[in-house]
Amino acid sequence: MENMRYEYPAKRPVTRRAHVGVVGSGDLEVLLSPSPGANAEVVIRTSVDGYGHVWKSVLDRFFQRYDGAAKIELNDFGATPGIVMLRLNEAVEASEGDTP
Amino acid sequence: MNAHDTFLARQSFIELTARERARTLLDPGTFRELLGPFDHLESPWLAMQDIVCQADDGAVIARGTLDGEPAVIAAIEPAFQGGSIGEVSGAKIAAALELALSEFEAGRAIRPVVLFETGGVRLQEANLGLAAIAEIQAAIVALRQHVPVVGVIGGMVGCFGGMSLAAALCTDLVMTRQARLGMNGPEVIEQEAGIEELDSGDRRLIWSMIGGDERVAVGLADTLVEDDTDQVRETVLGAFRRGVQKHRTEDVDGFIARLAQVNPDAIDPDTLRTLWGTS
């Protein structure tokens, strides 16, 4: 298991939290909640060691579009980068969409 | 409707997560989660063993209503650690049932449902998980004097180990055809006793022994349902409308007599149906 933490600049507060996914094989759980600070904070726990550079690439791309001051916790059980991106976008949609 | 349309009209119960299962069984719009993922009540033991935690420890406790009556559903998430019962997930389920019991002691009614999907105790948490399972079993026995405790085994994990005993204690036990119920899972038996004893890869054999169809046919479970959320919900509501029935586990003499009929050297699923068949 490996723990990682990243910070990204944010432009706006986040009001509603969201939870998607499960810590099952090839999947991950995303908890998105308002960040106490002005930046976005990402905390990752993953079962697969040694892929910090891939996580950084996925997050860099995600935060090119996302600018909310969210705390995002990722509990990962071997999800591929594509699944990670889908779950992140699903969490944003759940946080900002019409239905909670 | 032809078979194709019927299939498409169904919402699969098995494919849902624990949280979605609880939400779809409750009356629409009444789902409210207790100790949800943002409470971060995780297993303190998994991280020490280099295993990633889930924020709800794989147990979803939901309040809401069933047929307009207050209800509590404890749902186990199959995808997280095989639905295994750890110290925290087990305590959440036991506490939900114990709180339901205290409602009756205070003169209020509540409908308890357990959605089983578990390989049994979480081996990484050993005795702490086993202790929690004992608490779950004790709570079911205490609660079922007041109200039916309804268990549903969805599949595809099934229900094994100590939790299979908890399922057996339920007033009404609902299974899908895909669900399995047993003490030791087939993989465990093959590993311990050898492939000559049981080939866990023989799916037809496994399901013919411990699948929902067989378990209901021999009276070890009560109702067989299709993998259809509406049908599961209707069956659960029906169990509460019937009220408290005689419990299978109180019929000790009956089961001893049934066991006496069985010759362990010549037993197979069809023979068992002939000996024990209820229908």
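Me: At roughly what angle do the axes of helix α1 and helix α2 of chain A cross?
Reply: Roughly 35°. This is a predicted model. The two helices span residues 52-65 and 81-96 of chain A, and their axes come within 10 Å.

Me: Left-handed or right-handed crossing, α1(A) past α2(A)?
Reply: Right-handed.

Me: Which residues make the contact?
Reply: From α1(A), Val54(A), Val58(A) and Phe62(A). From α2(A), Pro81(A), Val84(A), Met85(A) and Leu88(A).

Me: And how many residues of each class in that contact of α1(A) with α2(A)?
Reply: Seven are nonpolar. None is polar and none is charged.

Me: Switching to chain B. What is the strand order in the open sheet?
Reply: β1-β2-β3-β4-β5-β6-β7, seven strands with mixed pairing.

Me: Why do β1 and β7 of chain B each have one side without a neighbour in the sheet?
Reply: They are the edge strands, β1 at 32-34 and β7 at 223-225 of chain B. Each has a single partner strand, so one side is left without a neighbour in the sheet.

Me: How much are neighbouring strands of this sheet turned against each other?
Reply: By 25° on average, direction ignored.

Me: How do β5 and β6 of chain B run, parallel or antiparallel?
Reply: Parallel. Four bridges join β5 (150-153) to β6 (172-176) in chain B. In one of the bridges, Ile153(B) has Met175(B) of β6(B) as its partner.

Me: Which strands does helix α2 of chain B lie across?
Reply: β2 (59-66), β3 (69-76) and β4 (111-116) of chain B. The helix covers residues 18-25 of chain B and runs at about 160° to β3(B).

Technical notes: Residues numbered from 1 in each chain as written. Chains lettered and ligands numbered in written order. Predicted model: local features only at pLDDT ≥ 70, side-chain atom pairs only at ≥ 80, totals over all residues. Axes fitted to C-alpha atoms, helices over the stretch in contact; angles between N-to-C directions. Left-handed = near helix turned anticlockwise from the far one by under 90°. Contact = placed C-beta atoms within 7 Å. Nonpolar A, V, L, I, M, F, W, Y, C, P; charged D, E, K, R; others polar. Pairing = 2+ DSSP bridges.
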